[in-house]
Amino acid sequence: MLQSLASNSCVRLIQSHKSTWYFASLVLGYILYLIFGAVVFSSVELPYEDQLRQELRAIKKQFLQENECLSEERLERFLKKALEASNYGVSILNNASANWNWDFTSALFFASTVLSTTGYGHTAPLSDGGKAFCIIYSVIGIPFTLLFLTAVVQRIMVYSTRRPVMYFHQQWGIAKPLVAIVHASLLATLAVSCFFLIPAAIFSALEDNWNFLESFYFCFISLSTIGLGDYVPGESVNQRFRELYKVAITVYLILGLIVMLVVLETFCELQQLKQLRKMFYLKKEKPQDRLAILEHDHLSFTTVSKRASGQHEDKIQPFVGVPTLRSPNDDPMIQ
């Protein structure tokens, strides 16, 4: 008997706090996913990092043995200075001296990466004035970009998603959730083909040291606004039409970001995903529930008020009823 009561109370507790338990499981799943990614990245990349460190040590040791007049301290200072310049996008190599990082097209490409929060990191402001302007420019430009993208995506969604889904639902009589799923799948396939596969093939042909996987990796890292900066197009030594190439990449990034947002918004409007999201949200108080609570409070208040007024009338009402006399002849004593 006690066990059944305890189990029933546990079930009622879980049912009453269902969204809280779902949210706790979501947080736990996210933490486990982070740990899973860290374990995989560490196990895959750590051997390559160790191999690269050993190769660099061997090259440095061989260089010092071949150049005994150069001390290790001087070499360290030189390499440190070169690496600091490389972090700002400035290379000391002779074949890289022709590429400027702050001409108009490169600055336009940098501005697009700042406003889209992609931020490759291959180029950064060198001066204090440039850093201060970058802060002010980003504070104003990032909300402006979000407003711009929201307005564009909202207009595109009308013609790319809502009207086609409604047309097939009304004209062909197909269930709206089914039409929405098929439409979202086709739209995602088209977006992947036009903004991932085809650009990856183009980048692999234009960039000398990129294969198809590296080009596809760049497209995904860029359009997802991760922007690691390990692959940046248009930075090769003898890049033909570099200025035009940079402008084309800037246009590609903006259009690709808009398309990615349209695809994500299309999937977010699916009924199945809406139900899935509601599992983790706090339940809002329904208007009917609020109305019932207000009516209950009003009835309770009215009942209490009536009882109080009734008690007050009982207190002031006389215990003996005295008839009202209209004339002296009505008095029984006189009669």
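Author: A cavity is, on a 1 Å grid over the protein atoms alone, a set of points where a 1.4 Å probe fits but cannot get out, and its lining residues are those with an atom within 4 Å of a point. A volume is the space filled by probe spheres set on the points, with grid points joined across faces, edges and corners. The model is predicted, and for that reason local features need pLDDT of at least 70 and side-chain atom pairs count only at pLDDT 80 or more, while totals for chains, interfaces and linings use all residues. Residues are numbered from 1 along each chain as its sequence is written, and side-chain values use heavy atoms, with hydrogens and water left out.

By this rule there are 2 cavities of 30 Å³ or more. The largest cavity, with a volume of about 50 Å³, is lined by Asn 101, Ser 106, Phe 109, Phe 110, His 122, Thr 123, Glu 235, Arg 242 and Lys 246. Helices here are DSSP runs (H or I, at least four residues), numbered from the N terminus. At least two lining residues each come from helix 4 (104-115) and helix 8 (242-268), and helix 4 gives the largest share, 3 residues. Counting Ala, Val, Leu, Ile, Met, Phe, Trp, Tyr, Cys and Pro as nonpolar, Asp, Glu, Lys and Arg as charged, and the others, Gly among them, as polar, this lining has 2 nonpolar, 4 polar and 3 charged residues.

The second largest cavity holds about 30 Å³ of space, and its lining consists of Ser 116, Thr 118, Ser 222, Leu 223, Thr 225, Leu 253 and Leu 257. Two or more of these residues are given by helix 7 (212-223) and by helix 8. By class, the lining has 3 nonpolar, 4 polar and no charged residues.

Leu 257 also takes part in a helix contact, which means heavy atoms within 4.5 Å. The partner is helix 5 (residues 128-171), whose axis comes within 9 Å of that of helix 8 and crosses it at roughly 60 degrees; axes are lines fitted to C-alpha atoms, for helices over the stretch in contact, and angles run from 0 to 180 degrees between N-to-C directions. Helix 5 and helix 8 are therefore oblique to each other, a term for angles that are not under 35 degrees (roughly parallel), over 145 (roughly antiparallel) or 65 to 115 (roughly perpendicular).

Terms used:
1 Å grid on protein atoms, 1.4 Å probe; cavity = no way out; pocket = protein on both sides within 12 Å on 5 of 7 lines; lining within 4 Å.
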